[in-house]
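Q: Can you take me through this model? I'd like to start with how the chains meet and then go into the folds.

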Amino acid sequence: MKFRARILVSLKEGVLDTQGKAVRMSLKNLGFESVEEVRIGKSIVIVLSAESPAEANQYVESMCEELLVNPLIETSSVSLEAIG
Amino acid sequence: MNASVVVFPGSNCDRDVLHALGTIAGIPATPVWHKETVLPEGTELVVLPGGFSYGDYLRCGAMAARSPIIRAVREHALQGRLVLGICNGFQVLTEAGLLPGALLSNSTLEFICSPCLLRVERTDTPFTNAYREGALVQFPIAHHEGLFFLPEKELQELEENRQVVFRYASADGSAGIRQSPNGSLNGIAGIVNRHGNVLGLMPHPERASERILGGTDGLRMWNSIKSWLEGGSK
């Protein structure tokens, strides 16, 4: 089976997000006064084959652990869909 | 006494380090491609140089930290032998788990390329024994991701274990986050592991090793390493 995994990586609470800060300033300058906070993360899309959704999930989790996410500063969430 | 300088795709300070070690300091140094799985025989010092390994993709140093040579570097470090990470090399060491912490984007959001005053916090390491404690030295910095970060509790432990070796300082000798050009917590510019044999720092000692480059404060780092390897001083 083929799967598409979407991994959302965000900076942990309390970790300074300088990009988010700069973007918040820009939004304020554009007149979006109501913006209180901006946090910027990244989205990683992986297409992979696996025997089952459980196996696909396991693969993706290992990938996050071994490379994609730095647990000291980041958290992640994964959503998985079968694509054939 | 031999040094190995690891070259990753995107390293750009490897030749500067080879020059500083080999030509100026008299420590024979050879480049080692990151795909190698063993270090050249007789390697006593491994240097991970500055640059933009793998284009800084994903996170600075993340991919380089998973390169084949890193297993050998880890083993070298675990045996208590010397590893020095400069700039991108420091980022690689944190990503490889050989040093604590992470380097985040500068608080100014700018790439900073500038001479920088540092206060030497420890002189009992293999890398800094030729300095005077509390001495102010000038090395240049050139980075976009140099804000040293650790969660509060771990940061406190790092300080209690005296692992901070260099701190950003001003000319009056004060040092801390206010003196830090990049927003580094506690003004941290360089740290060692618990054992003291692995040093990572954002500033570039190899660019402060010749008068023609504007300063020679980095020379003492090579001399420290040399005398430590010769067993003269610990």
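**Chains and packing**

A: This is a predicted model. In it, 9 residues of chain B are in contact with 9 residues of chain A.

Q: What is the make-up of the side of chain B that touches chain A, by nonpolar, polar and charged residues?

A: That side of chain B has 5 nonpolar, 2 polar and 2 charged residues.

Q: OK, chain A itself. How many helices and strands are there?

A: Chain A has 2 helices and 3 strands, and their order along the sequence is β-α-β-α-β.

Q: Is chain A spread out or a compact globule?

A: Chain A is more spread out than a compact globule, because its radius of gyration is 16 Å, well over the 12 Å that the globule rule gives for 84 residues. The C-alpha trace spans about 50 × 30 × 15 Å along the principal axes of chain A.

Q: And how much of chain A is buried?

A: 14% of the 84 residues of chain A count as buried.

Q: What about contacts in chain A between residues 24 or more positions apart?

A: They account for 72% of the contacts in chain A with a separation of 6 or more.

Q: Switching to chain B: at what angle do α1 and α5 pack?

A: Helix α1 (residues 14-25) and helix α5 (residues 219-229) of chain B pack at about 70°, with axes 11 Å apart. That makes α1(B) roughly perpendicular to α5(B), and the crossing is right-handed.

Q: Which residues make that contact?

A: Ala20(B), Leu21(B) and Ala25(B) from α1(B), with Trp222(B), Asn223(B) and Lys226(B) from α5(B). By class, the contact has 4 nonpolar, 1 polar and 1 charged residues.

Conventions. Residues numbered from 1 in each chain as written. Chains lettered and ligands numbered in written order. Predicted model: local features only at pLDDT ≥ 70, side-chain atom pairs only at ≥ 80, totals over all residues. Helix = DSSP H or I, 4+ residues; strand = E, 2+ residues; numbered from the N terminus. Rg over C-alpha atoms; globule rule 2.2 N^0.38 Å. Buried ≥ 20, exposed ≤ 12 C-beta atoms within 10 Å, placed from the backbone. Contact = placed C-beta atoms within 7 Å. Nonpolar A, V, L, I, M, F, W, Y, C, P; charged D, E, K, R; others polar. Axes fitted to C-alpha atoms, helices over the stretch in contact; angles between N-to-C directions. Parallel < 35°, antiparallel > 145°, perpendicular 65-115°, else oblique. Left-handed = near helix turned anticlockwise from the far one by under 90°.
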